[in-house]
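Subject: Structure handover

Hi,

Here is the structure we talked about. Please load it, then read the notes below.

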Amino acid sequence: VVGRVANADWASFTVAAAPWPWLALAVAGMVWALQAPGWPARRLGWLWMLPLLCWRPERPEPGYWRMSAMDIGQGSAILVETASQSLLFDAGPRHFGGGDAGERVIGPQLLARGIGRLDVLVLSHADLDHVGGTRSVLAAVPVARSYASFDLAAWLRRDARVWPDVVGDAPPARMLRCERGDGWRVDGVTFTFLHPVAGAMDPGGDRNANSCVLRVAGAGHSLLLTGDIGVAQERELAALGLPPTDIVLAPHHGSGGSSGRELVMASRAGHAIAQCGYLNRFGHPAPAVQRRWLRAGARFWRSDRDGAVLAESRADGLRAWAQRERQRRYWHGR
């Protein structure tokens, strides 16, 4: 009986990760409620848990956004939140031998932010460091709409045959291809795909070159999510008139075959972020790429050094910070 109750859907529910004062209040209420019978107002202690259960993280104002470039090792996973909706760009890597970033980092992060549903999931291309955690993300939260540069339905079926250990994953309600010019506007924020060109995607070609590129533009600030495009695709974007962008996710984790002069000069970014793993075997980010962004005036963030990189677009300005600096652990050297 106990086992059946524990496995029931109503036996537990997930709440957002509240600040420590609300947790302390809930613990104090639990201690009060568990005192011996006769303790004054003992049952009122359970009410002290309500702030913890009802707390929700602050969302951006209409016209603004919040970005989290997660610390998922050698891979890509970026969460973008607006006033009422949430978008995930890429689902992180899978680790051969056990686990993936969707199960280990992204799913818990979504639930900690109080996100029980993804409005949009964008998968830039089918490399495992970008899509390895997809099915774990789908098992954690439902997805209303997805965009990808490949046949996501076929990929999910094939992945389920190879990795049957992920259970409970349901495909997105709508699965679409990303194509230049497609986009939408919500909460005063515009989302526009800049790449790839419709009909130009070659299923047997270079997956990196086919990556979805998404621009996020709000009332005051903009963000460019680039997947693994290379210098040739960057030149194409610059030639088409890429608008200045406040934050750019350095293409291909800052590899030497990306972040060319044309993209760096056209974007005029104040911040560039390379999502890369500590001591990764590819040498990302390339020193020349880092110097190129720095010489152009951008602050260069790298997840192997800074951990998760977050940014908030607000009416009073754009703020970016590294989570490792705000919540430093004793083993993080300065």
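A word on element names before anything else: helices (H or I, at least four residues) and strands (E, at least two) are DSSP runs, numbered from the N terminus. On that numbering, His253 sits in the loop between β11 (247-249) and α9 (261-267). Note that this is a predicted model.

Backbone first. His253 is not a glycine, yet its phi is positive, near 60°. Buried means under 20% relative accessible area. His253 has 4% relative accessibility, so it counts as buried. Asp90 is another non-glycine residue with a positive phi, about 75°. Its loop runs between β3 (86-89) and α4. Asp90 is buried too, at a relative accessible area of 0%.

There are also cis peptide bonds to check. One runs from His195 to Pro196, with omega near 5°. Pro196 is in the loop between β8 (189-195) and β9 (213-217). Another runs from His284 to Pro285, with omega near -5°. Pro285 belongs to the loop between β12 (271-274) and α10 (287-295).

Next, the aromatic rings. The count is seven aromatic pairs. One of them is Tyr147 with Trp184: stacked, 5.3 Å centre to centre, 5° between the planes. Tyr147 is in strand β5 (residues 143-148) and Trp184 in strand β7 (residues 183-186), so this pair ties together parts 37 residues apart in sequence. Trp184 also stacks with Phe191, at 5.1 Å centre to centre and 10° between the planes. Tyr147 and Trp184 are both buried, and Phe191 is buried as well.

Which residue lies over the face of Trp184? That is Arg145, 5.0 Å from the ring centre. Likewise, Arg326 lies over the face of Trp321, at 4.0 Å from the ring centre.

The largest pocket has a volume of about 1,100 Å³. Its lining counts 34 residues, and Arg66, Arg113, Leu310, Trp321 and Gln323 lie nearest its centre. Elements giving two or more residues to that lining are β1 (66-69), α4 (101-112), β14 (309-314), β15 (317-322) and α12 (323-326). The largest share, four residues, comes from β14. By class, the lining of the largest pocket has 13 nonpolar, seven polar and 14 charged residues.

Best wishes

How values were computed:
Residues are numbered from 1 along each chain as its sequence is written. This is a predicted model: local features need pLDDT of at least 70, side-chain atom pairs count only at pLDDT 80 or more; totals for chains, interfaces and linings use all residues. Side-chain values use heavy atoms; hydrogens and water are left out. On a 1 Å grid over the protein atoms alone, a cavity is a set of points where a 1.4 Å probe fits but cannot get out, and a pocket is an open set with protein on both sides within 12 Å along at least five of seven lines; lining residues have an atom within 4 Å of a point. Grid points are joined across faces, edges and corners, and a volume is the space filled by probe spheres set on the points. Ala, Val, Leu, Ile, Met, Phe, Trp, Tyr, Cys and Pro count as nonpolar, Asp, Glu, Lys and Arg as charged, and the others, Gly among them, as polar. Rings of Phe, Tyr and Trp (its six-membered ring) pair if their centres lie within 6.5 Å; planes under 30 degrees apart count as stacked, over 60 as edge-to-face and the rest as tilted. Buried means under 20% relative accessible area, exposed over 50%, partly exposed in between (1.4 Å probe, protein chains only). A charge sits over a ring if NZ of Lys or CZ of Arg is within 6 Å of the ring centre and within 35 degrees of the ring normal.
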